[in-house]
Amino acid sequence: MMRRDTATRVLDAAEFLFAEHGFEGASVRDITERARAGVAAVNYHFGSKEGLLRAVLDRTVVPITRRRSELLDEALARSDGEPLELRTLLEAFVLPDLLAIRELHARGPHAAKLVARLYAAPPPIVAHFMEEQFAEDGARWARELTRALPELPPDAVWFRLRRCLVGVVVYLFGTSSDLPVATDEEVEVTLRQLVAFLEGGMRAPAPIDATTGTASPTGGVRP
């Protein structure tokens with residue numbers, strides 16, 4: 001029991017300090033002092049500072065990705081092979097973030113702030129982890145969004161997924177302190193507002209590349 005308590009205290013302290021100061025700015029000594037543990041506790045329970053960061057990711061970011069993937073699986077199972085409605089896809093993409101923000105607020109505002117920091121300016125170890133996660137999961141979302149938006153070039157769909165939908169998610173976590181998601185009703189209202197906005201953007205015609213005269217993800221502007 002004591003081992004688990006110590007590990008949890010270190011994990012909680014790391015989550016707070018990584019949110020406030022970033023991975024590089026939070027020292028092992030600062031983390032263990034806040035956790036009321038010995039400096040060796042990080043190596044003992046997590047192997048290294050990098051291992052501790054991975055444990056923080058496993059507790060904060062991985063459940064969001066997993067829940068999003070599960071919602072997509074459930075929607076596909078109901079579709080009988082037909083393309084999903086765009087609204088259904090957007091709801092499945094955004095809802096896990098709103099639910100996660102509500103859950104993270106129970107641990108304090110720093111928890112959501114940490115996710116925003118990790119998404120927006122990840123240290124190299126996190127960037128590699130996120131890229132691995134997005135490469136596998138993002139390909140599935142891009143495929144289903146392309147099926148839902150056959151009028152758009154696949155590159156345009158990918159651009160909007162990677163740069164626009166993910167950008168909205170980062171913004172949600174970064175400004176989550178006043179986001180109305182405390183109740184199921186508030187989550188539903190917020191979800192409807194976000195999906196209505198995102199659906200309009202996703203359905204917008206692809207811009208025309210001024211050089212080639214054809215539709216392109218960015219209209220000839222470097223992404």
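**Exercise 1. Work out whether R140 is buried or exposed, and find its salt-bridge partner.**

Solution. 
- Start with accessibility. R140 has 18% relative accessibility, so R140 counts as buried. The cut-off for buried is under 20%.
- Remember that this is a predicted model.
- Now look for the partner. R140 forms a salt bridge with D73. The closest N and O atoms are 2.5 Å apart.
- D73 sits in helix α5 (residues 62-78), and R140 sits in helix α8 (residues 124-148). They are 67 residues apart, so the pair links distant parts of the chain.

**Exercise 2. Find how many salt bridges the whole structure has, and examine the one between K113 and E20.**

Solution. 
- Begin with the total. The whole structure holds 14 salt bridges.
- Take the pair. The side chains of K113 and E20 meet at 3.5 Å, N to O. The cut-off is within 4 Å.
- Locate the partners. K113 belongs to helix α7 (residues 109-120), while E20 belongs to helix α1. The two are 93 residues apart, and the bridge links distant parts of the chain.
- K113 has a relative accessible area of 36% and is partly exposed. E20, at 31% relative accessibility, is partly exposed.

**Exercise 3. Explain how far apart D58 and R54 are in helix α4.**

Solution. 
- First, the contact. D58 and R54 form a salt bridge between their side chains, at 3.3 Å from N to O.
- Next, the spacing. Both lie in helix α4 (residues 49-60), four residues apart, so about one helical turn separates them.
- Last, the surface. D58 is partly exposed at 38% relative accessibility. R54 is partly exposed too, with a relative accessible area of 41%.

**Exercise 4. Describe the place of S27, then decide which residues of α2 are buried and which are exposed.**

Solution. 
- S27 is in the loop between α1 (2-25) and α2 (28-35).
- Read its accessibility. At 27%, S27 counts as partly exposed.
- Compare positions. S27 and A112 are 85 residues apart along the chain, and their C-alpha atoms are separated by 21 Å.

**Exercise 5. Describe how helices α6 and α10 pack.**

Solution. 
- Know what to report. Two packed helices are described by the angle between their axes and the distance between the axes.
- Helix α6 (residues 86-105) and helix α10 (residues 184-203) pack at an angle of about 135°. Their axes are 9 Å apart.
- Classify the angle. The two helices are therefore oblique to each other. An angle over 145 degrees would count as roughly antiparallel.
- α6 passes α10 in a right-handed crossing.
- Name the contact residues. On α6 they include L86, L90, V94 and L98. On α10 they include V187, L191, L194 and M202.

How values were computed. Residues are numbered from 1 along each chain as its sequence is written. This is a predicted model: local features need pLDDT of at least 70, side-chain atom pairs count only at pLDDT 80 or more; totals for chains, interfaces and linings use all residues. Side-chain values use heavy atoms; hydrogens and water are left out. Buried means under 20% relative accessible area, exposed over 50%, partly exposed in between (1.4 Å probe, protein chains only). Axes are lines fitted to C-alpha atoms, for helices over the stretch in contact, and angles run from 0 to 180 degrees between N-to-C directions. Angles under 35 degrees count as roughly parallel, over 145 as roughly antiparallel, 65 to 115 as roughly perpendicular and the rest as oblique. A crossing is left-handed if the near helix is turned anticlockwise from the far one by less than a right angle, and right-handed if clockwise. Contact means heavy atoms within 4.5 Å.
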